[in-house]
Amino acid sequence: MDHFPRASNPVRPRLQVPFLCEKVKSSYEVFTFKDYPSSVGVNVSALCNGDLSLDDHATFLQAWLFFGTLVEVLGTADLKVDIEDFVAKSGDEWIITTERLPKYLWMWVAAECVPGWVIDSEHLPRVKECLSVVNSTANQLAKISVGAVSEEAWNAGFGYPPGHAVLLSVILLGELLDNALAGVVFSLPRMKMLSWEYSQFGKYLLQRAGWCLGELDMLGIIEPAVLFYVSSFDRVALKKDHSKCSDKVCLANQIDEKVYQTKHATETCICEHIIVEEEGNRPITEVLHKGDIPIISFDGEKVLVQSSNSTPYVAMSHVWSDGLGNPRTNSLPKCQLERIQRLVNALHPDREPASQVPFWLDTVCVPLHAETRKTAIRRMAKTYDSAARVLVLDVSLSGTSAGVLADELLMRIRCTPWTQRLWTLQEGMLAEELYFQFRDKAIAAESLPEIWYEANSPIKLCTKHFGRPHVDNSPLETRVFRALASDSDEFLKDEIATESAFETLSRHPDCPNILDHTLLYRLDTNHSASFHPVYFAGWTSFQKLRYRFGVGHSALPSVAGALRGRLSSKMDDETICVATLLDIDPLHILSAKNQTSRMKVLIDSMDDFPPSLIFTDVPRMGLDGYRWVPESFMDKNANYAGLLRAGKPGRRTKDGLVVSNYFSYIFPEDLAFPNAGSFVVKGWESYYRITHAHVLTVQVARPAVILEQPPATVSRGIVVDMWREDDGVVKFGRHVGHVSIEALGDKWAGEVLCEVVKLPISYEWCVG
Ligand SMILES: [Zn+2]
Ligand SMILES: [Zn+2]
């Protein structure tokens with residue numbers, strides 16, 4: 001699978017998928033995609049159930065779902081697939097290559113980009129039908145487990161269980177075509193993409209590379225293309241302890257202060273610690289008391305502490321599990337201070353030669369003394385906000401050169417433990433200029449799209465795949481060239497190429513004789529989004545790290561979304577970070593004792609909230625009046641999609657959050673309300689199936705259900721136990737559980753629990 005960029009220092013050789021279809025090459029002219037399994041007598045259900053051996057059917061799988069899919073999908077646009085384009089020789093063996101696949105994707109976009117004509121009339125249903133067969137078959141086969149792979153196969157990248165290797169190639173092809181389709185069908189509003197399971201074999205490759213599946217889950221990496229790419233990263237080399245992790249949670253970066261060891265710059269170093277602040281000598285505290293930010297520099301002998309005032313400084317951002325922390329003293333080994341000073345100086349090459357650029361690092365600049373510590377924490381946002389630059393140190397980046405492809409730099413950043421921690425969210429977000437330290441150089445990630453585009457501009461890639469424009473180019477190829485030539489600065493500089501593109505085009509009477517702006521736009525836009533999944537995934541996730549939220553309740557959805565799935569060794573810190581991100585002074589939160597009381601203080605400091613917060617199915621606070629509040633915003637299973645819904649904000653009162661504009665149903669009072677499973681109720685004009693998300697732990701006396709969306713299909717909802725009414729307008733309900741509601745239409749022959757009364761949506765609910 002070589003349409004992907006290659007990661008540097010891969011932990012295994014490139015995956016070589018054997019070419020098995022020599023004998024079936026011509027069969028596509030005889031069979032259609034749909035009929036292929038029955039034509040060759042293979043029972044697909046038996047294969048998917050595991051009743052037939054996957055490896056024995058590797059050839060079938062490749063003929064049907066790899067080559068068959070290519071021929072069927074591209075055939076809808078009358079593109080002829082030359083099987084030779086997808087086969088290469090590796091040593092004595094024939095293998096699959098996808099190196100020329102991008103060429104076909106370009107042609108596909110061009111073939112379907114006909115002015116005044118829309119693809120969805122005839123071609124789209126055929127493509128979708130084919131991809132949905134590939135998707136459902138591959139998703140079922142993905143669950144089939146793979147045994148251990150021999151050392152020999154691992155080292156050669158070849159000789160893996162053939163069915164599993166072919167299946168992986170099918171998944172990667174299917175996902176890419178599915179992505180590309182969204183770009184081809186450009187005129188349709190956001191098309192729903194299929195979801196592609198990653199196969200057991202793919203997961204095996206990840207684990208062999210040292211990946212913790214829990215960490216990938218927390219990183220939210222689920223796209224097969226990206227999982228496949230990162231499976232060549234060497235994660236064993238990071239030497240993190242994943243023994244306590246599960247497939248869902250990674251605890252490798254959680255630290256235990258009691259046994260925490262500060263690390264030296266090299267494993268064998270035993271240099272002395274330099275103490276910056278201690279009893280009887282408190283330069284950091286003095287600066288903090290003056291209302292400033294303490295910054296330090298190290299001349300190799302001693303640490304100079306100064307006040308930031310107008311002195312530009314670099315704020316360091318790191319994860320403690322890498323060893324740069326110190327829970328016992330405000331000190332660091334001399335070798336580390338030297339190293340950091342060197343890296344910080346390198347960020348400012350124009351400085352006076354012998355001068356040191358000052359920096360801020362929490363380990364030595366946040367005093368351990370409780371009261372001054374609070375002052376430093378309250379000033380944390382300002383510390384990162386005022387820094388000239390923020391430099392991220394993460395051990396997982398230190399083995400990679402800054403000179404590798406931009407795709408890789410972005411994906412390495414995405415996979416850092418740094419992106420998984422609570423505190424680093426604000427550190428990255430507040431930074432004026434954010435740098436990541438790689439082995440040989442620090443990189444400003446914001447500069448990477450430009451670098452990427454430079455190497456991957458459409459015209460560059462086009463020339464790479466089609467060669468320079470020439471008379472033998474097909475009409476489609478010529479259209480692609482002409483479209484790109486009409487706008488590309490770089491191409492225009494190359495007069496011969498431009499002229500030749502236009503001249504060649506004029507000899508093709510079937511090409512529209514207009515400037516093809518539509519095609520240019522599609523090629524340019526799809527280019528990164530659809531055809532380069534690794535770059536796209538890396539860049540979009542980086543952008544989220546830099547997204548500056550607004551303040552107050554309107555920013556809460558973004559903050560919650562950004563915190564989801566992050567972890568902190570001290571969960572109590574969450575509320576401090578949320579407060580900082582929402583521009584709320586964390587003073588009172590710092591004085592509260594535990595997570596619950598801190599969350600209460602945080603909530604009490606705001607009046608308005610996104611009303612949909614009540615529907616997010618996560619563990620909630622157990623306090624009266626606060627049951628609508630999640631215990632934590634970091635729960636990675638939280639779905640905050642509805643929070644961005646426009647409309648009236650929820651109003652906080654001492655009894656709970658007051659919300660309106662929701663559908664709600666009241667159950668009869670004498671009803672024994674089921675506390676688990678699923679049941680059907682009759683409303684005014686329709687039947688609804690209500691399904692509990694969890695078993696209710698309390699008995700509900702006066703049940704009602706509030707829905708997030710009108711019950712057209714399936715909606716999220718909550719169960720409340722009503723305990724008071726105010727003039728029939730505000731109903732007070734205790735939040736007791738989550739349900740989903742499905743509208744069944746006006747006919748239902750099965751059992752019905754009861755009739756429910758629908759309330760007007762203008763009713764206000766106070767959920768507490
Ligand atoms: Zn782990
Ligand atoms: Zn040392």
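Let's start with a distance: the centres of domain 2 and domain 5, taken over C-alpha atoms, are 52 Å apart. This is a predicted model, where local features need pLDDT of at least 70, side-chain atom pairs count only at pLDDT 80 or more, and totals for chains, interfaces and linings use all residues. Residues are numbered from 1 along each chain as its sequence is written, and chains are lettered from A and ligands numbered from 1 in the order in which they are written.

The domain bounds come from an automatic or database assignment. Domain 2 covers 273–449 and domain 5 covers 664–767.

Now strand S20, residues 730–745. Strands here are DSSP runs of E, at least two residues, and helices are runs of H or I, at least four, numbered from the N terminus. Two strands pair if DSSP finds at least two bridges between them.

S20 pairs with S17 (residues 687–692), antiparallel, over 6 bridges. There, His-692 has Val-739 as its bridge partner. S19 (residues 714–726) also runs antiparallel to S20, with 12 bridges. Gly-717 stands opposite Val-739. What about S23, residues 764–767: parallel or antiparallel to S20? Parallel, over 4 bridges. Phe-732 faces Cys-766 in that strand.

Next, two helices. H16 (residues 406–414) packs on H18 (residues 448–456) at about 145°, axes 9 Å apart. Axes are lines fitted to C-alpha atoms over the stretch in contact, and angles run from 0 to 180 degrees between N-to-C directions. H16 brings Ala-406, Asp-407, Leu-409 and Leu-410; H18 brings Leu-448, Ile-451 and Trp-452. Contact means C-beta atoms, placed from the backbone, within 7 Å.

Key. Contact = placed C-beta atoms within 7 Å.
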